[in-house]
Amino acid sequence: RLLRPKFAILCGMNTKTVCCILSAAALACGCATSAPSGARSIHGFHKHVGGLDETDFRCRVDKGRFFFSFDVKDEHVSPATEIKHPLDIANGDRVEVYFVPDKDMKTGYRCAEIDCDGRVLSYSVSPVKPDGSKDYDWFWKFKTLKTDAKRTPQGYRVDGSVEVAELETFGVDATDFHLGVFRADLSKPGKLAAWCSAVEPKGPPNFHQPAMLFRFTAGKNAD
């Protein structure tokens with residue numbers, strides 16, 4: 001959210017100084033006062049076991065691409081040791097991004113899960129069926145997704161981007177859509193330590209539900 005300093009504090013300052021203060025405040029909370037890219041940052045993901053981790057997430061739209069990055073603090077980075085099926089990536093530490101066109105998650109959406117070594121599980125989720133179920137295509141691939149991962153002294157970092165034009169092909173307006181942002185923390189391959197999410201969970205951990213999304217709106221404050 002854009003910080004709003006009390007104007008009494010700003011009395012006596014010139015216009016340039018006030019603008020600098022407001023710009024710095026906006027950048028500190030991840031939203032720029034004039035940037036059309038709708039840059040956003042989040043510090044600290046909610047653990048399903050309680051408390052916050054120290055993940056830093058950033059995203060923005062720039063030059064026809066949606067960019068995102070995760071800086072993860074993890075003392076015991078645990079990648080999956082054997083990959084025979086795309087889902088095997090889920091046996092290791094990873095971050096996740098869901099691109100959702102509608103807030104109710106009824107029309108289908110696309111997901112990318114990137115592990116600490118840069119391996120990607122991408123998949124599509126079908127529109128909701130009359131009985132409430134969904135189909136998951138674990139072999140679906142993004143055409144323009146680019147990712148990079150590296151270990152850091154504190155854990156690992158993941159950077160990624162996808163073309164806005166591709167997001168539009170499955171109904172996502174990159175200037176206004178619902179985004180799911182998550183992290184899976186494993187104590188060792190195949191053993192979950194904590195589910196972590198940008199939005200505080202209200203019940204048992206389940207990333208595939210509308211309550212776990214937030215709204216990304218380029219050029220405006222997000223809900």
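Residues are numbered from 1 along each chain as its sequence is written, and side-chain values use heavy atoms, with hydrogens and water left out. Because the model is predicted, local features need pLDDT of at least 70 and side-chain atom pairs count only at pLDDT 80 or more, while totals for chains, interfaces and linings use all residues.

Begin by selecting F57, F66, F68, F70, F99 and L179, which have the most contacts inside the largest nonpolar core, a set of 36 residues. A nonpolar core here is a set of buried Ala, Val, Leu, Ile, Met, Phe, Trp, Tyr and Cys residues joined through side-chain atoms within 4.5 Å, where buried means under 20% relative accessible area, exposed over 50% and partly exposed in between (1.4 Å probe, protein chains only). Strand β4, residues 65–73, gives this core its largest share, four residues; strands (E, at least two residues) are DSSP runs numbered from the N terminus.

Next, centre on F57 and display its contacts (heavy atoms within 4.5 Å). Leaving aside neighbours within four places in sequence, F57 touches R40, S41, I42, F45, F68, S69, F70, L179, V181 and F214. For the second, separate core, which has 13 residues, select Y98, C111, F182 and M212, which are among its members.

Now turn to the aromatic rings, of which there are 19 pairs; rings of Phe, Tyr and Trp (its six-membered ring) pair if their centres lie within 6.5 Å, and planes under 30 degrees apart count as stacked, over 60 as edge-to-face and the rest as tilted. Select F45 and F70, whose centres are 6.4 Å apart with planes at 75°, so the pair is edge-to-face. F45 lies in the loop between β1 (40–43) and β2 (46–47) and F70 in strand β4, so the pair ties together parts 25 residues apart in sequence. F45 is buried at 0% relative accessible area, and F70 is also buried, at 0%.

Move on to Y123 and Y136, with centres 6.4 Å apart and planes at 45°, so this pair is tilted. Y123 belongs to strand β7 (residues 120–125) and Y136 to strand β8 (residues 136–137), so the pair ties together parts 13 residues apart in sequence. Y123 is buried at 1%, whereas Y136 is partly exposed at 31%.

Then select F66, F99, W140, F142, F170, F177 and F216, which form one aromatic cluster. Finish at R60, which lies over the face of F67 at 4.4 Å from the ring centre.

Key: A charge sits over a ring if NZ of Lys or CZ of Arg is within 6 Å of the ring centre and within 35 degrees of the ring normal.
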